Amino acid sequence: MAHTSPSLRPNPTTKDSVCWLPHPSGMFTVQSACNTIRKRYPAQPWHKIVWGGNTVPRWSFILWLAVLQILGTKDRLRSWGLQLDGICSLGQW
C-alpha cells in the first residue's frame with residue numbers, strides 16, 4: 001500500500017480554508033454558482049418588453065411563448081395534423 005505524500009497530509013500548524021474557484025475573490029455566492037452551471041445566451045432585443053417592470057407574470061409567459069413561436073395557436077396545432085376550424089376565436093375579421 002502506497003503512503004500519502006507529505007504535501008497532501010493535513011498540516012496542524014496552518015488553518016484550513018475553502019476557496020470557491022469560479023469566483024475571482026474565492027468567496028461562494030449563489031450568483032456565481034448559477035453562472036457556473038447555466039448556459040449563457042446572448043440578450044434578445046425583446047426581453048425588456050416581455051419581462052419589463054410592471055408586467056403580469058402570466059401575460060409575460062404567454063407573450064414569451066408567442067415571441068418564440070411556440071404558443072399553441074390554431075395554425076401551429078393544425079401543422080401537427082389536428083383537425084381544427086379556420087375561424088378566428090376572437091370573432092369575424
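Lys74 is placed in helix H4, which covers residues 74–79; helices here are DSSP runs of H or I with at least four residues, strands are runs of E with at least two, and both are numbered from the N terminus. Lys74 counts as partly exposed because its relative accessibility is 27%. For that term, buried means under 20% relative accessible area, exposed means over 50%, and partly exposed lies in between, with a 1.4 Å probe and protein chains only. Lys74 and Leu84 are 10 residues apart in sequence, and their C-alpha atoms are 7.1 Å apart in space.

The model is predicted, so to speak of local features requires a pLDDT of at least 70, side-chain atom pairs count only at pLDDT 80 or more, and totals for chains, interfaces and linings use all residues. Residues are numbered from 1 along each chain as its sequence is written, and side-chain values use heavy atoms, with hydrogens and water left out.

I turn to the chain as a whole. The protein chain has four helices and zero strands, and from the N terminus on its elements run α-α-α-α. What is the radius of gyration of the protein chain? The value is 27 Å, whereas a compact globule of 93 residues would have one near 12 Å. That radius is taken over C-alpha atoms, and the globule rule is 2.2 Å times the number of residues to the power 0.38. Along the principal axes, the C-alpha atoms fill a box of roughly 85 × 40 × 20 Å.

Buried residues make up 8% of the 93 residues in the protein chain. Among contacts with a separation of 6 or more, residues 24 or more positions apart account for 0%; a contact means heavy atoms within 4.5 Å. The protein chain exposes about 9,000 Å², of which carbon and sulfur atoms supply 62%. Accessible areas come from the Shrake-Rupley method with a 1.4 Å probe, and for residues only the protein chains shown count as cover.

Next, two serines. Ser32 lies in helix H1, residues 30–37, and is buried because its relative accessibility is 8%. Its side chain makes a polar contact of 2.9 Å with the side chain of Trp20. A polar contact is a pair of N or O atoms within 3.5 Å; within protein, one must be able to donate a hydrogen and the other to accept it, and residues adjacent in sequence count only if both atoms are side-chain atoms. Leaving aside residues up to four places away in sequence, Ser32 touches Trp20, His23 and Met27.

Ser60 is placed in helix H3. Is Ser60 buried or exposed? Ser60 is buried, because its relative accessible area is 3%. With residues up to four places away in sequence not counted, Ser60 touches Val50, Trp51 and Thr55.

Helix H3, residues 57–67, also holds Leu63, which is partly exposed because its relative accessible area is 36%.

Between H3 and H4 there is a loop, and Gln69 is found in it. Gln69 is exposed, because its relative accessible area is 67%. Its phi is near 60 degrees, a positive value in a residue other than glycine. Most residues other than glycine have a negative phi.

Finally, Val18 is found in the segment before H1. Val18 counts as exposed because its relative accessibility is 81%. Val18 and Ile37 are 19 residues apart in sequence and 20 Å apart in space, C-alpha to C-alpha.
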